[in-house]
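Subject: Structure for your files

Dear colleague,

Here is the structure for you to look at. My notes come after it.

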Amino acid sequence: MMEATSCGGVVIFRGKILLLYKNYRNKYDGWVLPKGTVEEGETFEETALREVKEESGAIGQIVKYVGKSEYTFNVPGDIVEKSVHWYLMMGNSYYSKPQKEEFFTDSGFYKYHEAIHLLKFANEKQILEQAYEEYHNLKRDGQWKNC
């Protein structure tokens, strides 16, 4: 069994959530949150910020650690046990440009009820629920600056 660690972000700007649409050779397609593999020498926070920027062009600022999701998947001849560390991030605009090299074909900011419906994976829906609750708490307490 192989182990892999990734980090990603739930980027929120003015109440809307950044999503990416991935279409890999028509075998894999669906809306996801930006995330990617930790590179040698990087902190989890650095990875999350870098991956959000690389995959979407969006710039986020980490507000809070949200949690970790774990899952397994098969690759030829092995099983990968993956951990993903998630951060709530404050976006600085609605700008996004999907990274074509990673097979992202669309991106955008969506209202919560749209985003929760669009997301492909249950574990990402759960992370979004947690992050959005944190966002609401921070906003209620006057600690979220981009409205």
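The notes below cover the fold, the overall dimensions and the largest pocket.

This is a predicted model, in which local features need pLDDT of at least 70 and side-chain atom pairs count only at pLDDT 80 or more, while totals for chains, interfaces and linings use all residues. Residues are numbered from 1 along each chain as its sequence is written, and side-chain values use heavy atoms, with hydrogens and water left out.

The protein has three helices and seven strands, taken as DSSP runs (helices H or I, at least four residues; strands E, at least two) and numbered from the N terminus. Their order from the N terminus is β-β-β-β-α-β-β-β-α-α.

The C-alpha trace spans about 50 × 30 × 25 Å along its principal axes. Of the contacts (heavy atoms within 4.5 Å) with a separation of 6 or more, 67% join residues 24 or more positions apart. Buried residues (under 20% relative accessible area, 1.4 Å probe, protein chains only) make up 45% of the 147 residues.

The largest pocket holds about 610 Å³ of space. Of its 22 lining residues, Lys-22, Tyr-28, Lys-35, Tyr-71 and Lys-82 are the closest to its centre. A pocket here is an open set of points on a 1 Å grid over the protein atoms alone, where a 1.4 Å probe fits, with protein on both sides within 12 Å along at least five of seven lines; lining residues have an atom within 4 Å of a point. Grid points are joined across faces, edges and corners, and the volume is the space filled by probe spheres set on them. Elements that each supply at least two lining residues include strand S5 (60-75) and helix H3 (122-140).

Regards

Definitions and conventions:
Buried < 20%, exposed > 50% of the residue type's maximum accessible area, 1.4 Å probe, protein only.
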